[in-house]
Amino acid sequence: MFDFVIGLGQGGGRLAQSFGKGFDVPTVYMNLAGVDFTHLDTDKKNILVFEEGGTGRNPEFGEKMVRNRFGDLDKFLTRSSFDDSKYVLVCIGGGGGAGTGFMFPLLEYLTGKQKEVFLIFTLPEDREGIPTKPNALMALDKLIARYIQPEKISILLIDNEYCVKRYGNGEGFDYWGAVNRGIVAALKRFWLLTEIDRFASFIDVASGYKALDKNDVRRVLFSRSGYSDVRQLSFDAPTEEMLLRGIRDSSLVFGSLDIRTAKRYVVSIGIPESWKQDVRTLAFVEHILQSISKATKHTPDTLRCSYFNKKLTALQVHILISGMARGKGIDRMIQSAEQDQLRLEAKDPVDRLNIKKMR
Ligand SMILES: Nc1nc2c(ncn2[C@@H]2O[C@H](COP(=O)(O)OP(=O)(O)OP(=O)(O)O)[C@@H](O)[C@H]2O)c(=O)[nH]1
Ligand SMILES: [Mg+2]
């Protein structure tokens, strides 16, 4: 799916490590504070730290430090695993100063090298405040202006609030462990379906029709024409209404992307083995596929794959979508962040930015 992973800042580094391990791909880490990587289990040669002791959550400062030492970044990335790579995954926890500071210089560097870039950018939890939220949203605004255009890069926006609720959270340093594993697993399911014969023990190959091809999954992820999303639903016996609502609400992304504008998607449907003899199963699968076409309004490039699985007790639907346009919600979020930033600079009282209200 990817052949090189880069983690920027502390959160980006942790997410990158989960991806690197999950997909067994060479992974490197960049930061402006060595202390952020104390718990990172990797060889020193994979770490680039421009030691500033952190940035005080200041992305402009971070970016300036990175641009000052651009030559070192180039030298650091000169290695065969990077030179030979084509599909590069970049992970950032949006809102800090280091990860966000590295972001634009690195994106310029990667696109200059003709790499296909898939960027994962997380948006803060509700309880996080100033300056994390405005930082994340303003960086997102710049990212949209520069890179959400045809033939640029693909962006998966992770809603940390949704993911903490969905996947749970741990204590202290491992607060994010479950979230990061959940995000990796969401993408990995598609990848495993490209190696269906390796997983014959739990996937019924004979009845899985149209297994995915590695390049199909890459085509969706690296479509370079807007946002990407992963949606996952699980049902015992869905009705059409439930399906449509589930497709809308199960996004890992902020719920403000316009699914009707999707250009490409892959659907995989896992069916409990016990449903195999049920005559209604096939009609049901067709019904799900139709509901997805309805949600996306038109029929973009579609790939589908269904399989019986001994381990499943309910029906699992996974949709990987790309090429979506932003909805109005993102604009509202960014405008509100700008207002809060102005108030902060004018030392007026600032409400804690409530992203939830804007979803
Ligand atoms: N999904 C996920 N999000 C994270 C994780 N760690 C941090 N975040 C998010 O990322 C945001 C930025 O935090 P850091 O990554 O620590 O910031 P940084 O890039 O190191 O920048 P500094 O401000 O210089 O420390 C946080 O506000 C969280 O919302 C993680 O492991 N997983
Ligand atoms: Mg940090």
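Leaving aside neighbours within four places in sequence, L48 is in contact with V28, M30, L73 and F76. The model is predicted. L48 is found in strand β3, which covers residues 47–49. It has 20 C-beta neighbours inside 10 Å, so L48 counts as buried; the threshold for that class is 20 or more. G20 lies 28 residues from L48 in sequence. In space, the C-alpha atoms of L48 and G20 are 16 Å apart.

The largest nonpolar core has 88 residues. Those with the most contacts inside this core are I6, L8, L89, V90, C91 and I158. The core draws at least three residues from each of domain 1 (4–175) and domain 2 (188–326). In soluble globular proteins, nonpolar side chains tend to be buried together. C91 shows the surroundings of one such core residue. Beyond four places in sequence, C91 touches G7, L8, G12, L15, A16, F19 and I120.

Of the 8 residues of β5, 8 are buried, so the strand is largely enclosed by the rest of the structure. In a regular strand the side chains alternate between the two faces of the sheet. Strand β4 (residues 87–93) runs parallel to β5, and 7 bridges join the two. Within this pair, V90 has L119 of β5 as its bridge partner.

Strand β8 spans residues 226–235. Of its 10 residues, 7 are buried, so β8 too is largely enclosed by the rest of the structure. Strand β6 (residues 154–159) pairs with β8 in the parallel sense, over 3 bridges. There, L156 has S228 of β8 as its bridge partner. Strand β12 (residues 315–326) runs antiparallel to β8, and 9 bridges join them. D229 stands opposite I321 of β12.

The domain assignment of the chain gives domain 1 (4–175) and domain 2 (188–326). Their C-alpha centres lie 28 Å apart. Contact between the domains involves 19 residues of domain 1 and 16 residues of domain 2. On the domain 1 side, β5 (116–123), β6 and α7 (160–167) each supply at least two residues. The largest share of that side comes from β6, with 6 residues. By residue class, the domain 1 side divides into 13 nonpolar, 2 polar and 4 charged.

The last region is the ligand site. Ligand 1 is surrounded by 27 residues. The closest are G9, G11, G93, G96 and G99. Helices α1 (9–23), α5 (98–112) and α8 (177–192) are the elements that give two or more residues to this shell. Helix α1 gives the most, with 6 residues. The shell around ligand 1 divides into 7 nonpolar, 15 polar and 5 charged residues.

Methods. Residues are numbered from 1 along each chain as its sequence is written. Chains are lettered from A and ligands numbered from 1 in the order in which they are written. This is a predicted model: local features need pLDDT of at least 70, side-chain atom pairs count only at pLDDT 80 or more; totals for chains, interfaces and linings use all residues. A residue is buried if 20 or more other C-beta atoms lie within 10 Å of its own, exposed if 12 or fewer, and partly exposed in between; C-beta atoms are placed from the backbone. Helices (H or I, at least four residues) and strands (E, at least two) are DSSP runs, numbered from the N terminus. Two strands pair if DSSP finds at least two bridges between them. A residue is near a molecule or strand if its C-beta atom, placed from the backbone, lies within 6 Å of it. Ala, Val, Leu, Ile, Met, Phe, Trp, Tyr, Cys and Pro count as nonpolar, Asp, Glu, Lys and Arg as charged, and the others, Gly among them, as polar. A nonpolar core is a set of buried Ala, Val, Leu, Ile, Met, Phe, Trp, Tyr and Cys residues joined through C-beta atoms within 7 Å. Domain bounds come from an automatic or database domain assignment. Two residues are in contact if their C-beta atoms, placed from the backbone, lie within 7 Å.
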